[in-house]
Amino acid sequence: MVWGIWVKKAMRYHSFGRFIKERFGTPVHKVNVDAGFTCPNRDGTLGVSGCIYCNNDSFRPSSCKPALSIKEQVRNGIAYLRKRYDSEKFIVYFQPYTNTYGTVEELERLYREALDEQGVVGLAIGTRPDCIDKEKIDLLESLAQKHFILVEYGLQSIYDKSLKYINRGHDYQTFLNALAETKDKGIEIGMHIIVGFPTETKEAMLSMADEVSTLPIRFLKIHQLQVIKDTPLANLFAEEPFPVFDYGEYLEFVVDFIERLPPHIVLQRLFATAPDAILIAPRWDRSRHEILRDIAQRFLRRDTYQGNKFTLALQSPRQ
Ligand code: SF4
C-alpha cells in the first residue's frame, strides 16, 4: 500500500506493525530470550559500572531465564504466544545486554538453535557497535540469506559529549564504522537512541532526526530518558536534578522528530515504560496503550505525518 493511503488511514508514521504486515502478510510476534551474555561495559573490559542509565531489570521480561537453553526459552515463548494470540510466526529477540558479545562459533550455535524452531522466521539481535566485526557480520549475512535478520545497534546519542557523559565506552565514529561493515549485506539494520540527556538542548535532540535520516538504517527505536533506581544516573539526579520530559512536552517532541524522518524508516519504539517499582522520573502514569493513542491524536491534531519535514538537503548537525 502506498504511503499517502496510510496517511489517509490515520497511520501517520511507519510502525513496526505495518512493516510486519507488508513483509510477512500475517502477524509476527516477538519471543524474547536471554542468552546469558554480559557486556564489555560491565565485565571489566571497558568498565564495570555500565552506561549510567542502565538497569537491565527495566527491560528484561520475567519470562526470560538464562538458566534455560535458547531452545527451551523459544519453545516456552511460542507456546504462550500461540495460546494467547493464535500466532503462527515469530521473531526471536536476543535482548538483554550485548548479544554479539561471544565467539562466532558460540553465536552461530545460539542463533541457529532459535532459527531451527518451527514458526521462527527471523532474529532481532540487540548489541553495541563496538561488539561486531567482519566474521560476525559474515555469519549474520549467511543467516540473512534465508531468514529475517535484524541487528539493533545501541547508540543512544550522535553527540560524543553525551556518549562520554553516559559512560557509553564508545564514540559515534565506532557506530558509523559498524554501519559501514553491516550495510548492503542483506542484514536489516536498526538503531536505538535516547532523548533527554542533560548534555543536549532540545534542538540538538531534534537535530538527531536529520542525522538519522542520512544513515543506512531501516529501523529506529527512540525513547525518553528514564531515571531508574540503582543506577549512577539516579545518584546524579538526586544530587542535582535536571529537567526531564513531561508528558505533553514529549508528545510534541516525538511528533516533531518523526516529521523530520524519511517515510522508509520503521519506528519500532517511540517511548519507554519502565516498571513503576524502579522508575524515578519522569512519572507519566500512562499505560502503553494510552501513550500510543495520545501520539496518534497529536499527529491528527497537527495534521502531520512522518516525512512531512524531511528534506534530503538537510545537513548533518555534526558538520
Ligand atoms: S546499556 Fe547496554 S551497553 Fe550499556 S551497560 Fe547496559 S547492557 Fe551494557
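This note goes through the fold, the packing and a few single residues of the structure above.

1. Basis of the model. The model is predicted, so local features are reported at pLDDT of at least 70 and side-chain atom pairs count only at pLDDT 80 or more, while totals for chains, interfaces and linings use all residues. Residues are numbered from 1 along each chain as its sequence is written, and side-chain values use heavy atoms, with hydrogens and water left out.

2. Overall dimensions. The protein chain holds 11 helices and nine strands, where helices (H or I, at least four residues) and strands (E, at least two) are DSSP runs numbered from the N terminus. Its radius of gyration is 19 Å, close to the 20 Å from the globule rule for 319 residues, so the chain is as compact as a globular protein of that length; the radius is taken over C-alpha atoms, and the rule is 2.2 Å times the number of residues to the power 0.38. The C-alpha trace spans about 50 × 45 × 40 Å along its principal axes.

3. Burial and surface. Of the 319 residues in the protein chain, 53% are buried, with buried meaning under 20% relative accessible area, exposed over 50% and partly exposed in between (1.4 Å probe, protein chains only). The accessible surface of the protein chain comes to about 14,700 Å², and 50% of this belongs to carbon and sulfur atoms; these areas come from the Shrake-Rupley method with a 1.4 Å probe, and for residues only the protein chains shown count as cover. Among contacts (heavy atoms within 4.5 Å) between residues at least 6 apart in sequence, 81% join residues at least 24 apart.

4. The sheet. Seven strands form an open sheet with parallel pairing, in the order β1-β2-β3-β4-β5-β6-β8, where two strands pair if DSSP finds at least two bridges between them. Strands β1 (28-33) and β8 (266-269) stand at the edges with a single partner strand each, so one side of each is left without a neighbour in the sheet. Neighbouring strands are turned by 25° against each other on average, direction ignored; axes are lines fitted to C-alpha atoms, for helices over the stretch in contact, and angles run from 0 to 180 degrees between N-to-C directions.

5. Strands β3 and β4 with their helices. Strand β3 (residues 120-127) pairs with β4 (residues 148-156) in the parallel sense over six bridges, and threonine 127 stands opposite tyrosine 153 in β4. Helix α4 (residues 104-115) lies across β2 (89-94), β3 and β4 at about 145° to β3, whereas helix α5 (residues 134-144) lies across β3 and β4 at about 140° to β4.

6. Strand β6. Which way do the residues of β6 point? Phe219, Lys221 and His223 point one way and Leu220, Ile222 and Gln224 the other, and all are buried. With six of its six residues buried, β6 (residues 219-224) is largely enclosed by the rest of the structure. Strand β5 (residues 188-195) pairs with β6 in the parallel sense over six bridges, and the bridge partner of histidine 192 in β6 is lysine 221.

7. Nonpolar cores. A nonpolar core is a set of buried Ala, Val, Leu, Ile, Met, Phe, Trp, Tyr and Cys residues joined through side-chain atoms within 4.5 Å. The largest one has 83 residues, and Leu220 and Phe257 have the most contacts inside it; its largest share, eight residues, comes from helix α10 (residues 247-259). Apart from this core lies another of 13 residues, including Phe16, Phe24, Leu150 and Val266.

8. Helix α8. Nine of the 11 residues of α8 (residues 202-212) are buried, and the helix is mostly covered. The elements that cover these buried residues include β4, α7 (172-182), β5, β6 and α10.

9. Valine 92 is in strand β2 and counts as buried at 0% relative accessibility; leaving aside neighbours within four places in sequence, its contacts include Val31, Val74 and Leu123. Glutamine 268, in strand β8, is also buried, with a relative accessible area of 16%, and among the residues touched by glutamine 268, not counting those up to four places away in sequence, are Phe16, Lys30 and Glu152. Lysine 183 lies in the loop between α7 and β5 and counts as partly exposed at 36% relative accessibility; not counting residues up to four places away in sequence, lysine 183 touches Ile189 and Pro216.
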